[in-house]
Amino acid sequence: MSAAPLPESDLGRARDEVATCVGADQLGPGLHLLTLEAPEAARAALPGEFAQLQMVPGPLLRRPFSFSSVDPGRGTVSFYLRVYGEGTRRLARLALGSTVRLLGPLGRGFTLPESRGSSLLVAGGVGAAPFPHLASRLLAKGERVLWLNGAASSDELFPLGLMPSGLARSAQVTDDGSSGRQGMVTDALPELLDGMDRVYACGPNPMLQAVAEMVGSLRPEAPVEVSIEAPMGCGFGTCLGCSIPLLSRGTAVPGLCCRQGPVLVAGQVDWEGLRRQPSHLE
Ligand SMILES: Cc1cc2nc3c(=O)[nH]c(=O)nc-3n(C[C@H](O)[C@H](O)[C@H](O)COP(=O)(O)OP(=O)(O)OC[C@H]3O[C@@H](n4cnc5c(N)ncnc54)[C@H](O)[C@@H]3O)c2cc1C
Ligand code: FES
């Protein structure tokens with residue numbers, strides 16, 4: 001059987017808009033919630049999709065961030081940021097009323113189920129970012145939503161209060177045991193998998209691989225979708241900077257994180273190839 005090309009993002013929905021900062025909150029050490037007035041993105045962005053943000057003046061290349069929450073009524077979108085280098089440092093210092101350029105929505109997001117069931121959302125660190133938006137959409141469809149949130153320590157956990165109300169269950173895990181159970185998200189995963197119809201995960205790529213393998217062995221009937229990270233230049237398929245090894249019907253195919261991803265079915269990712277790829281992200 002020949003390898004079919006994997007579906008690509010719809011660039012026709014992306015808009016380039018000037019977004020005004022209407023909220024800038026520090027949530028933890030180097031962790032910030034940035035809220036921007038960006039009516040077009042607020043109307044269009046689906047869970048798991050991302051925006052490329054550019055500060056002017058600022059670095060030449062835009063930086064990719066998942067939509068964390070959207071409020072189409074107010075015309076606002078929020079991003080949960082971890083300060084990493086120059087771009088995120090500047091975003092974290094953005095003053096109320098100042099502007100950035102927002103290109104989006106970009107990428108392929110999470111698949112929303114067609115029938116009601118139970119979804120487990122698994123986050124590692126700043127990988128919590130896309131889940132408020134995803135949880136809201138799932139809850140609105142009548143889905144039962146469980147939330148497993150892991151971080152290095154309690155002050156780095158995404159606040160439960162920023163998740164939509166109505167979660168069936170939430171569990172926290174920290175490396176140092178300062179909040180919730182001590183360990184990694186995969187330590188808490190087995191006891192939450194019972195009855196799950198699907199699993200969504202976002203975090204460092206090795207965590208995603210571990211989650212995918214564990215669900216594959218303990219609850220193989222539950223599809224797993226993962227939001228992959230790769231260094232991005234353009235965000236729309238031109239620079240080829242975000243190439244990642246993918247699988248289509250088990251055959252290796254080259255892919256672009258920004259077009260076929262960032263959200264992929266776990267079985268579409270060539271995890272060993274991804275591990276071998278040079279990376280400055282982990
Ligand atoms: C689809 C996607 C969604 C993301 N969502 C979030 C989010 O919601 N919150 C968050 O804190 N971070 C997120 N990231 C990571 C974030 O984009 C990087 O931390 C950020 O680009 C670093 O920029 P910098 O200028 O601070 O660092 P620098 O090191 O100065 O960046 C240098 C270059 O490398 C690229 N780069 C560096 N680190 C990363 C990285 N981890 N991922 C992708 N490109 C990188 C930048 O785009 C830039 O071109 C996401 C990454 C991707 C691919
Ligand atoms: S970021 Fe340029 S091709 Fe994907």
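Predicted model: local features only at pLDDT ≥ 70, side-chain atom pairs only at ≥ 80, totals over all residues.
## Two domains

The chain is divided into two parts. Domain 1 spans residues 11-106, and domain 2 spans residues 118-276. Their centres, taken over C-alpha atoms, are 21 Å apart. The two domains touch each other: 25 residues of domain 1 and 24 residues of domain 2 take part in the contact.

## The shell around ligand 1

There are 23 residues around ligand 1. Arg63, Pro64, Gly87, Thr88 and Glu229 come nearest. By class, the shell has 14 nonpolar residues, 5 polar ones and 4 charged ones.

Which elements supply at least two residues each? Strand E4 (63-66), strand E6 (76-82) and helix H2 (86-92) do. The largest share comes from E4, with 4 residues.

## Polar atoms close to the ligand

At Tyr80, a backbone N or O atom lies 2.7 Å from a nitrogen atom of ligand 1. At Arg82, a polar backbone atom is 2.8 Å from an oxygen atom of the ligand. At Gly87, a polar backbone atom is 2.6 Å from an oxygen atom of ligand 1. Taken alone, ligand 1 exposes 820 Å², and the protein buries 88% of that.

## Thr88, a residue of helix H2

Thr88 is one of the residues that come nearest to ligand 1. Thr88 lies in helix H2. Is Thr88 buried or exposed? Its relative accessible area is 9%, so Thr88 is buried. The cut-off for buried is under 20%.

Thr88 also has neighbours within the protein. Leaving out residues up to four places away in sequence, Thr88 touches Phe65, Arg82 and Val83. Of these, Arg82 also has a polar backbone atom 2.8 Å from an oxygen atom of ligand 1.

## Arg62, a buried arginine

Now look at the loop between strand E3 (50-54) and E4. Arg62 lies in this loop. Arg62 has a relative accessibility of 15%, so it counts as buried.

What does the side chain of Arg62 meet? A polar contact of 3.2 Å joins it to the side chain of Asp16. Arg62 touches other residues too, not counting those up to four places away in sequence. Among them are Gln52, Leu53 and Gln54. Arg101, Leu102 and Leu103 are also on the list, as are Met232 and Gly233.

## Helix H3 and its cover

Helix H3 covers residues 131-140. Which of its residues are buried? They are Phe131, Pro132, His133, Leu134, Ala135 and Leu138. An α-helix has 3.6 residues a turn, so residues three or four places apart point the same way. In H3, Leu134 and Leu138 are both buried.

After H3 comes Gly142, with a positive phi near 85°.

Most residues other than glycine have a negative phi, and most peptide bonds are trans. Some places in this chain depart from that pattern. Leu240 has a positive phi, near 65°. Leu240 sits in the loop between strand E13 (224-227) and strand E14 (243-248). With 55% relative accessibility, Leu240 counts as exposed.

Arg249 has a positive phi as well, near 50°. Arg249 is in the loop between E14 and E15. Its relative accessible area is 55%, so Arg249 is exposed. The cut-off for exposed is over 50%.

Pro57 is in the loop between E3 and E4. Arg62 lies in the loop between E3 and E4 too.

The other runs from Gly261 to Pro262, with omega near 10°. Pro262 is in the loop between strand E15 (251-256) and strand E16 (263-265).

Conventions. Residues numbered from 1 in each chain as written. Chains lettered and ligands numbered in written order. Heavy atoms only, no water. Near = heavy atom within 4 Å. Polar contact = N/O pair within 3.5 Å; in protein donor to acceptor, adjacent residues only side chain to side chain. Areas by Shrake-Rupley, 256 points an atom, 1.4 Å probe, with all protein chains shown as cover. Nonpolar A, V, L, I, M, F, W, Y, C, P; charged D, E, K, R; others polar. Buried < 20%, exposed > 50% of the residue type's maximum accessible area, 1.4 Å probe, protein only. Contact = heavy atoms within 4.5 Å. Domains from an automatic or database assignment.
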